[in-house]
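Look at the structure first, then read on.

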Amino acid sequence: MRGRRFTGVLCALSALLAGLLAGCQSPSSGGTGTSGRLGGQTPTDAATRPSGYGAVFLAVDECSSFGTVSFTEVPCSGERAAARVVARHDGKASGGPPCPATTDFVLHISEQRPSTDEDGDGDGAVARGYACMRSLQPPHPGDPGGGGGPRTIVGDCVHDAGGGKVRETACDGTGERRPQYEVAEAVTRRAQCPAGTALFVRLGDDARPVGCVRPL
């Protein structure tokens with residue numbers, strides 16, 4: 001079967017802090033802390049070329065091959081399949097719907113509108129968008145405590161990155177930095193966090209956007 005080539009960037013978006021909740025202070029023994037949102041690396045778009053797998057490149061339930069720069073859409077039953085699309089959206093990830101909570105990584109897809117494609121009819125256009133990916137085999141960095149993924153969720157751990165910022169790390173200590181805090185609960189407002197909350201992080205959840213973080 002023919003595959004479709006995608007050149008892009010695998011983004012473990014939770015690797016970096018993207019912003020702070022306004023009005024929070026640095027952690028102290030008094031139980032208040034710096035608020036941070038675990039964000040992602042700046043996405044890098046690249047050209048895509050559809051071929052032979054339906055109208056949408058990397059549609060929901062389709063699979064991509066292994067790779068760190070170049071990805072090919074492949075049959076999910078094949079030995080080259082590495083990850084499955086769990087959600088697919090047009091536009092920029094920064095302005096679109098969030099990926100599912102346990103997404104492992106995101107593929108950013110740049111727009112391409114060739115005048116003709118391999119069939120000669122010009123239907124090979126690909127709209128700018130992003131695909132939320134879940135690896136077919138563990139480890140799953142997007143799982144609670146996994147140390148990665150584009151979303152910060154309850155059960156994730158973070159460490160003090162300095163400058164009033166925090167970054168996600170694996171709760172089991174296998175990451176580059178040991179965990180210092182854990183996201184214990186998600187609430188709608190900071191005032192709803194339980195006693196003992198050390199700091200707050202912004203979650204990618206419209207219903208419960210505030211993460212209550214406790215020290216480990």
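## A left-handed disulfide

Cys-193 and Cys-212 are joined by a disulfide, with their sulfur atoms 2.0 Å apart. A disulfide here is a pair of cysteine sulfur atoms within 2.5 Å. The torsion about this S-S bond of Cys-193 and Cys-212 is about -85°, so the disulfide is left-handed. The pair links distant parts of the chain: Cys-193 sits in the loop between E13 and strand E14 (199–202), and Cys-212 in strand E15 (residues 210–215), 19 residues apart. Strands are DSSP runs (E, at least two residues), numbered from the N terminus. Both Cys-193 and Cys-212 are buried. Buried means under 20% relative accessible area, exposed over 50%, and partly exposed in between (1.4 Å probe, protein chains only).

The model is predicted: local features need pLDDT of at least 70, side-chain atom pairs count only at pLDDT 80 or more, and totals for chains, interfaces and linings use all residues. Residues are numbered from 1 along each chain as its sequence is written, and side-chain values use heavy atoms, leaving out hydrogens and water.

Cys-157 lies in strand E11 (residues 157–162) and Cys-171 in the loop between E12 and strand E13 (181–187), so the pair ties together parts 14 residues apart in sequence. Cys-157 counts as buried because its relative accessibility is 2%. Cys-171 counts as partly exposed, at 29%.

## The whole set

The structure holds four disulfides. With the bonded cysteines numbered in sequence order, the pairing is 1-2, 3-4, 5-6, 7-8.

Terms used
Helices (H or I, at least four residues) and strands (E, at least two) are DSSP runs, numbered from the N terminus.
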